[in-house]
Amino acid sequence: MPFSSYIGGNTRRGGGGAGTTWAQSLLPSSTAKSKIPPRRSRRRTALINFLFTNFFTIALSISLIFLLITILHFGVPKPLSSPFKSRPKPTFRLPKPRKTIPRKPQNDNDNKDAVFGAVVDITTTGLYDKIEFLDVDGGPWKQGWRVSYRGNEWDTEKLKVFVVPHSHNDPGWKLTVDEYYERQSRHILDTIVETLSKDVRRKFIWEEMSYLERWWRDAAANKRELFTSLVKNGQLEIVGGGWVMNDEANSHYFAIIEQIAEGNMWLNDTIGFVPKNSWAIDPFGYSATMAYLLRRMGFENMLIQRTHYEVKKELALKKNLEYAWRQSWDAEETTDIFVHMMPFYSYDIPHTCGPEPAICCQFDFARVHGFYYEMCPWGEHPVETTPENVRERAQKLLDQYRKKSTLYRTNTLLVPLGDDFRYISVDEAEAQFRNYQKLFDYINSNPSLNAEAKFGTLEDYFQTLREEADRINYSLPGEVGSGQIVGFPSLSGDFFTYADRQQDYWSGYYVSRPFFKAVDRVLEETLRATEMMMALLLGYCQRAQCEKLATGFGYKLTAARRNLALFQHHDGVTGTAKDHVVRDYGIRMHTSLQDLQIFMSKATEVLLGIRHEKSDHNPSQFEPEQVRSKYDVQPVHKAINAHEGTWQSVILFNSLEQTREEVVMVIVNRLDVAVLDSNWTCVQSQVSPELEHDRNKIFTGRHRVHWKASVPALGLQTYYIANGFAGCEKAIPAKLKYFSTSNSFSCPTPYVCSKVEGDMAEIQTQHQTLTFDVKLGLLQKISHNNGSKIVVGEEIGMYTSPGSGAYLFKPEGDAQPIVEAGGNMVISEGPLMQEVFVYPKTAWEQTPISHSTRIYNGDGTIQEFLIEKEYHVELLGKEFNDRELIVRYKTDLDNKRILYSDLNGFQMSRRETYGKIPLQGNYYPMPSLAFLQGSNGQRFSVHSRQSLGVASLKDGWLEIMLDRRLVRDDGRGLGQGVMDNRPMNVIFHILVESNISSTSDPVSNPLPLIPSLLSHCVGAHLNYPLHAFIAKNPQELSVQPLARSFSPLAAPLPCDLHIVNFKVPRPSKYSQQLIEDSRFVLILQRRHWDTSYCLKGRLQQCAIVANEPLSLFNMFKGLAVLNARATSLNLLHDDVEMLGYAEQVGDAAQEGHVLISPMEIQAYKLELRPHQ
């Protein structure tokens, strides 16, 4: 939210209020940049490229005539060969002109290079290499230059100005979403309908469906009809149309797809409108993942605003603020989407009409007495437009428009007109519309001005811009450009980390409120698992009665989707809302988590054949193994209390697409237990004491039982915890070792304890040995059985940061280590799991952190190759005020301060640490993975299941921030610090790998490196854990149960094919929909992996990869798949060519074949019917 303020100090994240000295000169102007002389347009079909090459002097008009004659005579060309049957297209559509460029094979998981990439004009890495980051004062446009123009730039092509009224409505920030709706948003939507209906020349855009859906429920029928007619006649455009305007740093790609699809589908179902222009003015930095997902949802254009001010300046100098955004791996231009980047400091009116905010502010007609907004801080205020002053006012405004226009290539100009929660009353809206219409009328009635100005929507702007770019070629010599839209450069990369001024980098929000960032991901994976269970339930259901459990839960499932979607808002998952708003988000997520778990408990019974239709209303006999008593506490494990002579069942659900071999754990109250599988066969197990973060009471008195489970893909498996079963060996107790400087350590019965000898301690499995410094309790070294070693040098430290806040990270110097010699260490050693637990000594009585390091034995498991680190963090109390807690791994890899971190759990980005920007500018988002790679090809990867911040500040260092506690507001409008810390656990899975073939040099290769297949599997297992349910009541050993398991897939999927989601989009309407509607959706992603790293071929589940087509028709056991067809990721477009996919994708789906290129996500609508 910008710079202006609503009554009550709604100053937006622009700076300490518009009245500050810094803000008063917030805009520079420019040395004259002449428009590029118009040249003839180059159409990019192969035929026209041929004509240009051989007949250079032929005019464009003749070329177009030839093209049309050729197409009319020969028809639209078909592919030379296709393995798929052709089918008639429903409509005739000219393909978009495309140019031929050299292409690497897409299906190249077999190549040895492990890097394939796009050819583009601009990379964001290249921009950072070039920019000096000097923050030169540019004058009125403080972050730019003094903009000027010659005056003849519009002689041949007049300036076409589209002024786009908008209102930015945060679904939660300083007020909750409900409070904002009641006080502001519902009035704004009423105002839009009333004022637009008065004059067809008035336009408006709206973004957030969370508010529109609520208004729609409350609005009278005539208001709804008016709203719909305004959308249909083009006066009102829904832009983006997601449930919220999502954050792009912390949000996972699953949740982004969900929130956009939820909003888009509601909009299409309700109003019949499908958005194609995205509007993201307030996220704090932008991810390339968003560009990819929008393209594959059928969006054509994007608008963004909050990028580093130096990046804006560099792009503006070269007229590159509009470009085709291409994915870094895309050698074929299939991911290109057109982007407009706003050039100035903020999206408020002072920073959108032109480069001089003191002038633009005079044209914000809501900043007059009688309204609730602050006056212009530059001292000159808006005045009503009259016949006497209209000439002077219009020319002053047009001067700003012309100056802004010189920053872009075309003579089509976009001017947003709005701010946070604007247009709240009819009087305010009339003030803007009335005054601007007078100014437009003057400009348009004077042909000598060579300008036309009017209200417009994003669609009006982009359509006019594309028409101009078709007529006039704005391409530069040698520019790669894009076949999607001619005349603009191509760009790849992302826009993190955002800085809005000076050295204020917005890297703090990568970590703010980490407890709720973790809950976000738990809700996400639980929702995904529930969607799958519901789809399987309805797929296998053959009676109307058994549909009731699923369809009856439909409204709660929709609520869960919407609660997850709401938290993706750029003040939700970011941790940048007021305390009571955070609480509101947390309660919503907690409520949905409970609802989902209750449904899963019941669905488990149905899928296993335990529950029958007559008992649908009865409570389940199972309950989740982990439960949360409250929205803001960690989950606790339910203990199994199996008395002598009884057993209790444990059911495991695997939401992954491969069979899962995994060492699992439950809590028991009694030691004398054994584990049996569903066939009543004994399973080896171990038992060890449960530990907790308490210096005086490390042992809870309960026990952990570990065993190796095997759970089918998308399936269920049952195990039994039995007490007194004579035929099985009891769980083997772990051997305990301890180190403690106090003499109060007491060994828990009946374990055997011994004291740790020496300064170093080790735990080991058949694959690796971990070495710890006993006095500090920190991991020092990892050794592998093949002889390779890596120094890890674990360190726990704290920054002192009195200048940091919810958004900004502003440390004073480097982080200082906090662990001192002493503390308590407990080592547990057993056949399946080895653990080192440490409660370290620090300067504080209540130490803020304790941690466990675990390694596993288990043939065929992924766990045997990884190291599990679990940090328990309690940054509570005033002694930790203005402190930011980090863990640092000081490895011996020579990574040259280059690290790779993920974007939204979808792709990797290359991050280089620059000395020319401050420490906080070298911190980056880490939603799920970061890795270092040395020159010898050795890799050190850290997987996370919640979003955090990461950096590599020195050679070999990987640093991750865990939590932050900050007293002060950082001047971005929130009006508070971050003091509501909660105790929480952060879990990492660490992987050390050595390459087995030549690998790309991270220093010389500007493209991001990609994870190995094993690394992908580690991340999937961490982020999509097994769901465990335990029987509420024990059974007598004399009652032996039936063998119960559920395995729906005919075969596990290839190891690099991931089911993003398998769902019924409209569960409440399932029974009313026709089978022809294809009521199920399957979304698949093909992972791209680095073949220069060992597959760890011993992993049985990774025997196959997706180089051969997958047969949808034969995917499920006992289920026929019908009516399969490819669709967009928001499920609203079935023409896959318009989404950038190859034509074969749609053809293949009709025949049930799926062949996905690496990195692609593809969605399929299908119908399921049980075999008779």
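Are Glu333 and Arg326 buried or exposed? Both Glu333 and Arg326 are buried, where buried means under 20% relative accessible area, exposed means over 50%, and partly exposed is in between (1.4 Å probe, protein chains only). These two also form a salt bridge, with their closest N and O atoms 3.6 Å apart. A salt bridge here is a side-chain nitrogen of Lys or Arg within 4 Å of a carboxyl oxygen of Asp or Glu.

Before going on, keep in mind that this is a predicted model, where local features need pLDDT of at least 70, side-chain atom pairs count only at pLDDT 80 or more, and totals for chains, interfaces and linings use all residues. Residues are numbered from 1 along each chain as its sequence is written, and side-chain values use heavy atoms, leaving out hydrogens and water. The chain's average pLDDT (the predictor's confidence in each residue, from 0 to 100) is 90, and 89% of the residues score at least 70.

Now for the charges. Side chains of opposite charge can pair when their charged atoms come close. Searching the whole structure turns up 80 salt bridges. One of them joins Arg471 to Glu157 at 2.8 Å, N to O. Arg471 sits in helix 14 and Glu157 in the loop between helix 4 and strand 3, so the pair ties together parts 314 residues apart in sequence. (Helices, H or I of at least four residues, and strands, E of at least two, are DSSP runs numbered from the N terminus.) Arg471 is partly exposed at 46%, while Glu157 is buried at 11%.

Arg186 and Glu182 pair up too, at 3.1 Å. They're four residues apart in helix 5, so about one helical turn separates them.
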